[in-house]
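Here are a few exercises to work through with the model open beside you. Try each task before reading its solution.

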Amino acid sequence: MRNIKIIILLLFIAAIFVSACSGIKNFYRALPLAFQPDNQKLYDTIVYLDSIFFDAYNTCGVNLEKYGSFYADSIEFYHDKGGLATSKQDIIDATKKNICGKVTRELVKGSIEVYPINNYGAVEIGFHKFH
């Protein structure tokens with residue numbers, strides 16, 4: 001009787017694991033396959049700058065100055081847990097303390113979408129994984 005309960009429990013755990021893994025796989029399968037930007041030059045510029053910024057982020061132990069160069073002195077950055085930050089140096093210091101050598105960002109290939117905002121700039125949407 002005890003062995004049957006253990007087998008049922010293991011099968012239940014396996015079913016949950018398989019279900020969770022297939023959900024993640026389906027999430028990435030649902031990504032748009034062929035985003036067509038309204039402005040190819042703007043799109044290429046944003047994608048390029050994204051790669052430069054996150055290369056500096058991922059290697060901030062040696063590229064902290066390059067990483068910091070992306071921020072304006074008058075930045076307003078809102079973190080979902082830390083709240084509002086308005087100091088460029090505080091953001092750089094927090095990155096050095098909490099990110100450098102601990103976290104890297106990986107872009108999900110083909111997930112970037114860029115939409116121009118008339119007379120203002122643009123918004124980038126994409127998926128990434130943090131390791």
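**Exercise 1. Find which residues lie nearest the centre of the largest pocket, and work out what lines it.**

Step 1. In this predicted model, Phe53, Phe54, Tyr67, Tyr71 and Phe77 lie nearest the centre of the largest pocket, out of 35 lining residues. A pocket here is an open set of points on a 1 Å grid over the protein atoms alone, where a 1.4 Å probe fits, with protein on both sides within 12 Å along at least five of seven lines; lining residues have an atom within 4 Å of a point.

Step 2. Sort the lining by type: 22 residues are nonpolar, eight polar and five charged. For this count, Ala, Val, Leu, Ile, Met, Phe, Trp, Tyr, Cys and Pro are nonpolar, Asp, Glu, Lys and Arg are charged, and the others, Gly among them, are polar.

Step 3. Trace the lining back to its elements. Helix H2 (40-58) gives the largest share, six residues, and among the other elements supplying at least two each are strand E1 (77-79), helix H4 (88-98) and strand E6 (128-130). Helices (H or I, at least four residues) and strands (E, at least two) are DSSP runs, numbered from the N terminus.

Step 4. For the volume, take about 1,100 Å³, the space filled by probe spheres set on the grid points, which are joined across faces, edges and corners.

A note on the ground rules: residues are numbered from 1 along each chain as its sequence is written. As this is a predicted model, local features need pLDDT of at least 70 and side-chain atom pairs count only at pLDDT 80 or more, while totals for chains, interfaces and linings use all residues, and side-chain values use heavy atoms, with hydrogens and water left out.

**Exercise 2. Track down the salt bridges and say which parts of the chain they link.**

Step 1. Look for a side-chain nitrogen of Lys or Arg within 4 Å of a carboxyl oxygen of Asp or Glu.

Step 2. Arg105 pairs with Asp50, with the closest N and O atoms 2.8 Å apart. That pair links distant parts of the chain, since Arg105 sits in strand E3 and Asp50 in helix H2, 55 residues apart. Both Arg105 and Asp50 are buried (under 20% relative accessible area; exposed is over 50%, partly exposed in between, with a 1.4 Å probe and protein chains only).

Step 3. Asp73 pairs with Lys88, the closest N and O atoms being 3.8 Å apart. Asp73 is in the loop between H3 and E1 and Lys88 is in helix H4, so this pair ties together parts 15 residues apart in sequence. Asp73 is exposed, at 65%, whereas Lys88 is partly exposed, at 22%.

**Exercise 3. Which residues form the nonpolar patch on the surface, and which strands supply them?**

Step 1. Pick out Tyr115, Ile117, Tyr120, Val123 and Ile125, with about 490 Å² of accessible area together. Patch members have over 30% relative accessible area and no salt bridge; nonpolar side chains (Val, Leu, Ile, Met, Phe, Trp, Tyr) are joined within 5 Å, like charges within 9 Å. The areas come from the Shrake-Rupley method with a 1.4 Å probe.

Step 2. Strands E4 (113-117) and E5 (121-125) each supply at least two of the patch residues. Ile117, in E4, is partly exposed at 36% relative accessibility.

Step 3. Now check the loop between E4 and E5, where you'll find Asn119. Its phi is near 60°, a positive value in a residue other than glycine. Most residues other than glycine have a negative phi. Asn119 is exposed, at 78% relative accessibility.
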